[in-house]
Amino acid sequence: MRIAMIGGGYVGLVSAACFAEFGNQVSVVEIDPDRLAALRDGRIPIYEPGLDTLVADNARAGRLSFGSDIADAVTGAEAIFIAVGTPPRNGDGQADLTYVHQAARQIARAMSDYAVIVTKSTVPVGTSRRIAEIVRETRPDLDFDVASNPEFLREGSAIGDFMRPDRVIVGLDQTAPDGGARARAVLSALYRPLYLIEAPVLFMALETAELTKYASNSFLAMKISFINEMADLCDKVGANVHDLSRGMGLDGRIGRKFLHPGPGYGGSCFPKDTLALTRIAQEAGAPTRLIEATVGVNDARKVAMAGRIAAAGGGSVRGRRIAVLGLTFKPETDDMRESPSIPILVRLAEQGAELRAFDPVGMQAARPHLPPGITYCDSALDAARDADTLVVLTEWNEFRALAPNALAAAMRGRVIVDLRNIFDPAAMRAAGFHYHSVGRPI
């Protein structure tokens with residue numbers, strides 16, 4: 001099948017490479033000249049394990065190509081995916097659909113034969129129908145359908161999530177004369193490789209598919225904020241949050257995932273989608289109080305972590321050298337969007353701390369977001385050199401392997417604030433550290 005992917009960002013590039021791996025001919029449209037040049041040269045402008053090999057293999061096989069001309073890409077395509085950015089609008093949190101609407105008009109002008117226009121971007125309820133209106137206004141003569149196919153890709157494991165998904169959500173225009181049957185046939189054929197491994201492919205109404213993405217991410221964000229609040233309670237009453245989360249998670253009604261305490265959620269999805277869902281709900285007259293509270297809890301937690309670090313060092317960070325391990329919002333990505341490290345380190349810098357940081361892949365992406373006085377180091381032990389306090393902000397696996405004695409030899413002080421609970425408290429205390437973690441008895 002021939003596919004056009006409008007947008008070569010994270011979602012578009014991963015989806016395009018995986019569709020090509022299924023054996024399809026995929027044309028990616030990217031209008032950013034620097035990003036396009038990188039993709040054509042085989043340089044992947046984002047960090048995602050395995051993506052460079054997948055892109056190179058399929059480009060070499062002739063199944064994956066990159067260009068800036070939408071007309072070339074959509075010619076002969078049976079499915080045209082819109083995978084452009086939907087950043088939050090300033091002030092109200094609602095998704096900005098400027099790029100989506102722009103893409104819809106460009107697609108309409110370029111199309112000649114029937115195709116399904118599929119929204120891959122995360123968009124508010126009603127967007128797919130608005131796309132259909134834009135296409136009809138631009139080209140009343142076109143034969144097309146619209147569909148919604150939200151992505152559920154976790155950064156750091158996106159290829160596996162695409163190839164072995166928990167489910168695939170497809171929204172169809174069930175009010176169309178054929179009830180969406182023609183579009184369903186196209187997308188069923190596209191996802192046939194997943195049928196063969198018995199991955200659930202769920203067909204539903206457009207509005208339901210659009211809302212399912214927001215509801216899923218907001219529920220997961222709520223689980224994270226819940227376990228973070230339980231961790232704070234554990235700190236007060238002497239309980240262990242890891243035992244608590246295990247006791248909760250083994251209940252099949254709750255599940256074990258997303259019950260890991262930390263400094264708050266970040267990334268490209270949860271902060272944006274929770275804000276967007278609250279706005280959608282407010283406009284619909286059905287406010288989502290739990291999600292509104294989740295947003296507030298998460299924002300407050302990030303700020304509070306700087307205070308926790310200061311308290312561990314005696315109440316003030318002024319003049320203290322602080323080693324920071326991890327900057328990205330999670331491991332296995334270079335994504336700094338809404339990372340907890342940003343408000344934490346900004347506050348520590350404002351309070352007079354000397355900051356030395358190391359992240360395995362995220363330091364270049366971090367620089368524009370963090371205070372200018374931070375020293376970026378070559379390794380974790382380099383960051384720890386002569387530090388008074390060491391703080392763990394991202395749970396990269398290589399940090400877990402750090403020997404307590406090696407840290408003790410590198411550091412000047414003996415304070416560790418482990419906001420990801422990656423170290424063994426007993427081993428750290430045995431090495432002479434004043435060890436602070438989240439929700440675990442000292």
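Trainee: Is Arg-279 buried, partly exposed or exposed?

Mentor: This is a predicted model. Arg-279 has a relative accessible area of 26%. Buried means under 20%, and exposed means over 50%. Arg-279 is therefore partly exposed.

Trainee: Which residue does Arg-279 meet in a salt bridge?

Mentor: The two side chains meet at 3.2 Å, N to O. Both residues belong to helix H12 (residues 270–284), and being four residues apart they are separated by about one helical turn. The partner of Arg-279 is Glu-283.

Trainee: What separates Asp-243 and Arg-246 in helix H11?

Mentor: Asp-243 forms a salt bridge with Arg-246, with the closest N and O atoms 3.0 Å apart. Asp-243 is partly exposed at 46%, and Arg-246 is partly exposed at 48%. They sit three residues apart in H11 (residues 241–249), so the separation is about one helical turn.

Trainee: Is Asp-161 buried or exposed?

Mentor: Asp-161 forms a salt bridge with Arg-154, the closest N and O atoms being 2.7 Å apart. Arg-154 counts as partly exposed, at 40% relative accessibility. Asp-161 has a relative accessible area of 12%. Under 20% means buried, so Asp-161 is buried.

Trainee: How many salt bridges are found in the whole structure?

Mentor: Asp-161 with Arg-154 is a salt bridge. So is Asp-243 with Arg-246. A search of the whole structure finds 24.

Trainee: How are H6 and H10 oriented to each other?

Mentor: Helix H6 (residues 127–138) packs against helix H10 (residues 206–237) with axes 8 Å apart. The angle is about 125°. Roughly perpendicular ends at 115 degrees, and roughly antiparallel starts over 145. H6 and H10 are therefore oblique.

Trainee: Which residues of H10 meet H6?

Mentor: On the H6 side, the contact uses Thr-127, Ser-128 and Arg-129. By class, the contact has one nonpolar, two polar and three charged residues. From H10 come Leu-206, Glu-207 and Glu-210.

Trainee: What is the relative accessibility of Asn-58?

Mentor: Asn-58 lies in helix H3 (residues 51–60). Leaving out residues up to four places away in sequence, Asn-58 touches Ala-17, Ala-20, Glu-21, Arg-63 and Leu-64. Asn-58 counts as buried, and its relative accessibility is 0%.

Key. Residues are numbered from 1 along each chain as its sequence is written. This is a predicted model: local features need pLDDT of at least 70, side-chain atom pairs count only at pLDDT 80 or more; totals for chains, interfaces and linings use all residues. Side-chain values use heavy atoms; hydrogens and water are left out. Axes are lines fitted to C-alpha atoms, for helices over the stretch in contact, and angles run from 0 to 180 degrees between N-to-C directions. Helices (H or I, at least four residues) and strands (E, at least two) are DSSP runs, numbered from the N terminus. Angles under 35 degrees count as roughly parallel, over 145 as roughly antiparallel, 65 to 115 as roughly perpendicular and the rest as oblique. Contact means heavy atoms within 4.5 Å. Ala, Val, Leu, Ile, Met, Phe, Trp, Tyr, Cys and Pro count as nonpolar, Asp, Glu, Lys and Arg as charged, and the others, Gly among them, as polar. Buried means under 20% relative accessible area, exposed over 50%, partly exposed in between (1.4 Å probe, protein chains only). A salt bridge is a side-chain nitrogen of Lys or Arg within 4 Å of a carboxyl oxygen of Asp or Glu.
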